[in-house]
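Please look through the sequence and the 3D view below before reading on.

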4 protein chains.
Amino acid sequence: MNRERILQHLDGKVPDGPNKVSWALNTIIAVSAVAISLETMQGLPHWAYEALRVFEFAILLIFLAEYLLRIYCAEKRLRYIFSAWGLIDLVSCLPGLVFFQPQWQVVRTFRLLRILRVLKLFRSSRALERFGEALHSVRSELLMFVFLAMIMLYVSSVGIFIFEHEAQPEIFSSIPSSFWWAIASFTTVGYGDMIPITFGGRVFTTFILFVGLGVVAVPAAIVTTALIDTDSRIKHRKDSDETSQQKSTKGETPK
Amino acid sequence: MNRERILQHLDGKVPDGPNKVSWALNTIIAVSAVAISLETMQGLPHWAYEALRVFEFAILLIFLAEYLLRIYCAEKRLRYIFSAWGLIDLVSCLPGLVFFQPQWQVVRTFRLLRILRVLKLFRSSRALERFGEALHSVRSELLMFVFLAMIMLYVSSVGIFIFEHEAQPEIFSSIPSSFWWAIASFTTVGYGDMIPITFGGRVFTTFILFVGLGVVAVPAAIVTTALIDTDSRIKHRKDSDETSQQKSTKGETPK
Amino acid sequence: MNRERILQHLDGKVPDGPNKVSWALNTIIAVSAVAISLETMQGLPHWAYEALRVFEFAILLIFLAEYLLRIYCAEKRLRYIFSAWGLIDLVSCLPGLVFFQPQWQVVRTFRLLRILRVLKLFRSSRALERFGEALHSVRSELLMFVFLAMIMLYVSSVGIFIFEHEAQPEIFSSIPSSFWWAIASFTTVGYGDMIPITFGGRVFTTFILFVGLGVVAVPAAIVTTALIDTDSRIKHRKDSDETSQQKSTKGETPK
Amino acid sequence: MNRERILQHLDGKVPDGPNKVSWALNTIIAVSAVAISLETMQGLPHWAYEALRVFEFAILLIFLAEYLLRIYCAEKRLRYIFSAWGLIDLVSCLPGLVFFQPQWQVVRTFRLLRILRVLKLFRSSRALERFGEALHSVRSELLMFVFLAMIMLYVSSVGIFIFEHEAQPEIFSSIPSSFWWAIASFTTVGYGDMIPITFGGRVFTTFILFVGLGVVAVPAAIVTTALIDTDSRIKHRKDSDETSQQKSTKGETPK
């Protein structure tokens, strides 16, 4: 089994036969993501934390082995080590290794860098690629409407600050905090922690919501449309590829 | 009246004449669903609970009769009994019969299994079939975007946990509980039980909401589009079927 | 000025010249709607309530005059009186007349029937007609998805009741009150008065929200699409009408 | 460097070479918008406020210089001074100049007029133009659905007032305050400050939300669609312009 073949197995791009190794690694990543979540819960029995630590240690060894194997197999080793995937592979095991001792458990935030592991899921999937392709195909429209949405949000923040600051100085305390209100309102999330109470503020909100929802919804609508379009374009491309392959195959058969 | 004909009446698939029996059964199911709801309300007068019990008993007898009739009429009896519809028919009357005695009223959750009755509504309707057909036609896109949405939600949960855990250790207590925040925010429901208060958490939320709404909205958009598409496709198919039938009928008339 | 011409003026359908009377009546209706709103506010100065009463009295006289004039002008008087528009015209002035005395101000709810006046705005507008046409063109799809959405909402209510009733017996007190939670969640309004807190309830919500948003959004999407479609169809029809009129006019000119 | 050329630089419409001046001015506007926001925050160290004041003073001088330069360069000076852009340029520096003394800091609201500066960002961008073009192309549909949405909102307000006023006289205190509930509910923001609690109120909300979401969503959907349409139309127009230019260039080459 030569180096190239090992890489094909790790990347889930085996031309013939199933991608067992890649599927196993992806499953480990997904389970590991759940394990990292559970670790932050309080009130679990002691043995559960112990089991999670042992599990984490096993995963670390697997990812370390994968990392070293990839370095060994890479055509240009330095290039791989400093590539995006190389760094993600390193971060996937390093923080765990360094801070594995219990006394280091306090450096929680740093250890959570391990979740960058989930990005490895994109290596054998085409999802991120499609997402990037979709964003790229609409980048100019997206930029323009993000710009328009930002101005709309800024003007809303200043407006609501003018109306509500005196009535609720604690809540609408500054323009940046009013911006948080604008975000929660225009995305229609509406957490309810900042609510206009003055007559002027409510009339202003009514007016600006009707105009603004149409504007702020556009970036999300563009991304959604682009994702669906890219998807059908890729599917169409694949179909025509297969058709042309079949044709050429048919063309060859009579010979 | 032979067995097959009885089944046609029960299933609402009588080729000639109205489906009176099936309509009556569906009405009973709908009324029964309302009755089960009312039963859980407190503060109703005593006679109301009595009336609901009597009504429930009557329904149980009807469904039991239907179940036995279906077993009697089925071509292959064992096959029906262990089919999905057979089990649903059994569950529709069994829990009620077993726990009908007042002293058993405490086993509420188990008795609520009776609501699986509403699934019987789908037997004579084509709604569930269309829904399944719609989901099937977009299964690969759906899977991919559910995968993308899940990663987005997971990364958001970890991110908000890092920013907010120290400021609100009671509320953002762990990554799984932060996941609940992510669900409520990205679906734009925004219950308001978990709200970022730190500056970093709010900037992170603003950023991730703008990118994420476009991603998380895609699965819902795909299901919506697929449902509408399937519907118009079915309608179109039916129209062309009728047209071809009319043609063939016309073609036969001159003979 | 004959009877038919008076009706044309009242209905805003004068074939030649502006519809001044109809515009004036519509403005009065809009102003009256605002006045009825203001009347319910507390803390206004005494003279404001007096002014509103006088204003209301003037409007009553105008609508009474319109009503009597319409009876006088109608071709078939009894038919008009018992038609939908006739009843709306009557309700627009009757409650005000009967309960105008201050001692009757307590019968507030009944007096609020006057807001049915706003329906008169639709008489000279085509908005309601288009809305009805839109709903009619998609009635079968709408019915089916409302049915699907209702089942989804009912199943969600029962599910969340099973998970949350024990933990929050005061809030998720019965299935009908859980239905209110389902409505607020699936429309993504998310008032925040009923929030799942158990682990099972949150997992159930996550799962059902992802599937359900796609289903519950469909009726609203259908109505929106139908409204936009009907609008463009009407516009197209009008364009082609004008084109054919112009053609026929041109065709006649050479004669 | 003649007057026209200076204006081209200020407006970011230099036919040859980069628009450095315009980009610098736009950057200053964006940074200034952030500075105005920060100024309203409390709890910053004293030197930060000092730095913001000095920064603001520098910006004022730049905008004053730009204003005077524009007056000097304008072909018809009075016309520029009283044009929309002229007034915006004046307001961008005047309130800052007049109330720069610390004792005037109290006139906060008036000073916030400076945020109208962000409108200057639209001078060299085509975003506002496109937005206007989009709104203009759908003005009649928009008007009709805003009218329909307004009636729907008004009827909802009166309805919920009738149901909830007695149960919650403090919260649903009048029809105008109920209108605020209608806005928050139909935009699906759902702040949670006003929530129906009576059975009638909840049934009414359920019913009206299902019908109303389809109606109230239409104006926002129209604006979104129009923005995307206008954008692709402009792009298409630009493409065909370039194509025709290339053609004419090609056509001239052989000569």
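Predicted model: local features only at pLDDT ≥ 70, side-chain atom pairs only at ≥ 80, totals over all residues.

## Where chain C meets chain B

On the side of chain C that touches chain B, the elements giving two or more residues are helix H8 (139-164), helix H9 (175-186) and helix H10 (199-252) of chain C. Of these, H10(C) provides the largest share, with 12 residues. Counted by contact, 38 residues of chain C are set against 36 residues of chain B.

The size of an interface is often given as the accessible area lost when the parts come together. Between chain C and chain B this buried area is about 3,300 Å², and carbon and sulfur atoms account for 76% of it. The count of salt bridges between chain C and chain B is one, and B:Asp193 forms a salt bridge with C:Arg202 in which the closest N and O atoms are 3.7 Å apart.

## How the two copies are related

Two copies of a chain are related by a rotation about an axis and a shift along it. For chain C laid on chain B, the turn is 90° and the shift along the axis is 0.0 Å, with an RMSD of 0.1 Å. That is the relation of a four-fold axis. Only 11% of the interface residues of chain C are also interface residues in chain B, so the copies meet through different surfaces.

Over all chains, the structure holds 12 salt bridges. One of them pairs A:Asp193 with B:Arg202, whose closest N and O atoms are 3.8 Å apart. Because A:Asp193 lies in the loop between H9 and helix H10 (199-252) of chain A, while B:Arg202 lies in helix H11 (residues 199-252) of chain B, the pair joins two chains. A:Asp193 is partly exposed, with a relative accessible area of 26%, whereas B:Arg202, at 18%, is buried.

## Helix H9 of chain A

Helix H9 of chain A covers residues 175-186, and its 12 residues reach 16 Å from the first C-alpha to the last, close to the 16 Å expected at 1.5 Å a residue. H9(A) is mostly covered, with 10 of its 12 residues buried; among them are A:Trp180, A:Trp181 and A:Phe186. After H9(A) comes A:Thr188, which has a positive phi, near 60°.

Side chains of opposite charge can pair when their charged atoms come close. In helix H3 (residues 46-73) of chain D, D:Glu66 and D:Arg70 lie four residues apart, about one turn of the helix, and they form a salt bridge with the closest N and O atoms 2.9 Å apart. D:Glu66 counts as buried at 5% relative accessibility, as does D:Arg70 at 4%. D:Arg70 also forms a salt bridge with D:Asp89, at 3.7 Å between the closest N and O atoms. Because D:Arg70 lies in helix H3 and D:Asp89 in helix H5 of chain D, the pair ties together parts that are 19 residues apart in sequence. In chain A, A:Glu66, A:Arg70 and A:Asp89 are linked in a network of salt bridges.

Helix H5 (residues 84-98) of chain D is also the place of D:Ser92, which counts as buried at 1% relative accessibility. The side chain of D:Ser92 reaches the backbone oxygen of D:Ile88 at 2.7 Å. Leaving aside residues up to four places away in sequence, D:Ser92 touches D:Leu60, D:Phe63, D:Arg114, D:Arg117 and D:Lys120.

Notes. Residues numbered from 1 in each chain as written. Chains lettered and ligands numbered in written order. Heavy atoms only, no water. Expected span 1.5 Å × (residues − 1). Buried < 20%, exposed > 50% of the residue type's maximum accessible area, 1.4 Å probe, protein only. Least-squares fit on C-alpha atoms with pLDDT ≥ 70 in both. Contact = heavy atoms within 4.5 Å. Polar contact = N/O pair within 3.5 Å; in protein donor to acceptor, adjacent residues only side chain to side chain. Buried area = accessible area lost by both parts, 1.4 Å probe. Salt bridge = Lys/Arg side-chain N within 4 Å of Asp/Glu carboxyl O.
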